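Please look over the sequence and the model shown below.

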Amino acid sequence: MSLKNVRLEVMQHLEKDVESLIEKYLIPIDKIWQPTDFLPDSESDSFYDDVREIRELSKDLPYDFWVVLVGDMITEEALPTYESWLMDVEGVDQVGRNSWGKWVRHWTAEENRHGDVLNKYLYLSGRVNMREIEKTTQHLIADGFDIGTDRDPYKNFIYTSFQELATYVSHNRVGKMAREKGNRSLARMCNIIAGDEMRHHHAYSEFVERIFAVDPNQMMIAFQTMMKQKITMPAHFLRESGNEIGTAFEEFSNTAQRIGVYTSADYVDILEKLIARWEIGNIKNLSDDAEKARDYLMKLPDRMKRLADRMRIPENSYQFKWVEPASLK
């Protein structure tokens with residue numbers, strides 16, 4: 001049987017449990033938070049006063065902070081790309097509306113609120129160039145992405161397990177910085193987004209655990225493959241208006257590293273957490289190829305730490321069109 005057919009068979013085997021996993025990891029729409037819970041009520045007489053408060057508190061946040069918040073928001077707003085990609089994974093049936101397709105739709109519906117709330121906050125803050133941000137967002141959706149997973153569910157679930165934890169780290173750190181500057185409303189907003197990302201991380205990690213239980217050899221090799229080629233961030237094609245694909249991503253990443261929102265050390269830490277969670281060192285009866293893959297994975301964190309220690313991040317801020325220093329004075 002081909003690898004593709006094996007993966008499809010495994011996905012069909014696991015599908016019987018997806019409904020219960022939806023109940024375990026996703027929150028019913030009537031119970032979950034909505035963006036308006038964290039933003040001024042436009043029907044309230046206090047709306048303009050609340051907006052003025054946002055604008056005043058926003059003045060205390062520095063340039064690099066706004067760059068990272070904008071980049072995080074744009075990444076969240078590119079959700080159409082992520083949904084269409086996951087809907088094309090082997091075993092996910094959009095036409096037949098199977099349980100895997102239901103997971104993707106419900107996961108997307110939860111994630112969609114993140115970009116909504118951050119977008120509206122940025123608009124009300126008066127600190128950023130929303131038109132340039134909107135053009136970057138449109139570019140990112142139009143350009144799409146290639147995260148190196150193809151239609152392989154094993155690789156895709158490795159990717160999402162990693163990426164959801166990475167977005168948790170980023171949103172959580174931004175929230176802490178906002179709180180340190182006295183902006184409690186923005187901090188609460190970022191923290192609740194981070195909470196969603198952590199829930200989703202646990203969900204995708206459990207998907208991987210379940211695959212390890214039935215197909216450990218190929219799951220191990222898929223894990224090795226994803227880490228060999230490195231986890232590509234979903235916004236790696238990020239660009240500003242008038243620029244080439246990907247030109248803005250490196251500078252955005254440098255900014256996030258410079259202020260400690262998401263660093264190369266965090267990348268290694270996430271890898272170590274996944275190795276521990278999936279008990280990679282304890283999996284039994286592996287094939288020779290899978291044993292080699294495991295050996296590679298177990299040694300990888302130390303190798304990556306040595307590389308991370310040698311990295312040098314530019315000290316000077318790149319001038320993004322999204323955030324104009326004059327608007328921060």
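## The nonpolar core

In this predicted model, the largest nonpolar core has 104 residues, and W103 and F223 are the members that touch the most others. Such a core is a set of buried Ala, Val, Leu, Ile, Met, Phe, Trp, Tyr and Cys residues joined through side-chain atoms within 4.5 Å, where buried means under 20% relative accessible area, exposed means over 50%, and partly exposed lies in between, with a 1.4 Å probe and protein chains only. Leaving out residues up to four places away in sequence, W103 touches V18, L21, I22, Y25, L26, A203, Y204 and F207, a contact being heavy atoms within 4.5 Å.

Residues are numbered from 1 along each chain as its sequence is written. Because the model is predicted, local features need pLDDT of at least 70 and side-chain atom pairs count only at pLDDT 80 or more, while totals for chains, interfaces and linings use all residues; side-chain values use heavy atoms, with hydrogens and water left out.

Helix α1 takes in residues 3-14, 12 residues in all, and reaches 17 Å from its first C-alpha to its last, close to the 16 Å expected at 1.5 Å a residue; the expected span is 1.5 Å times one less than the number of residues. Helices (H or I, at least four residues) are DSSP runs, numbered from the N terminus.

Within α1, the residues R7, V10, M11 and L14 are buried. They lie on the same side of α1 because they cover an arc of only 100° around the axis, the arc being that of the directions from the helix axis to the C-beta atoms. The buried residues of α1 pack against α2 (18-25), α6 (99-125), α8 (153-180), α9 (184-214) and α10 (216-229).

Helix α4 covers residues 63-77 and includes E77, which is buried yet has no salt bridge, the nearest side chain of opposite charge being K120 at 9.1 Å. A salt bridge would need a side-chain nitrogen of Lys or Arg within 4 Å of a carboxyl oxygen of Asp or Glu; Lys and Arg count as positive and Asp and Glu as negative, whereas His and the chain ends are not counted. Apart from neighbours within four places in sequence, E77 is in contact with G115, D116, N119, T137 and I141.

G71 is also found in helix α4, and G71 counts as buried because its relative accessible area is 0%. Residues up to four places away in sequence aside, G71 touches F252 and W322.

Terms used
Helix = DSSP H or I, 4+ residues; strand = E, 2+ residues; numbered from the N terminus.
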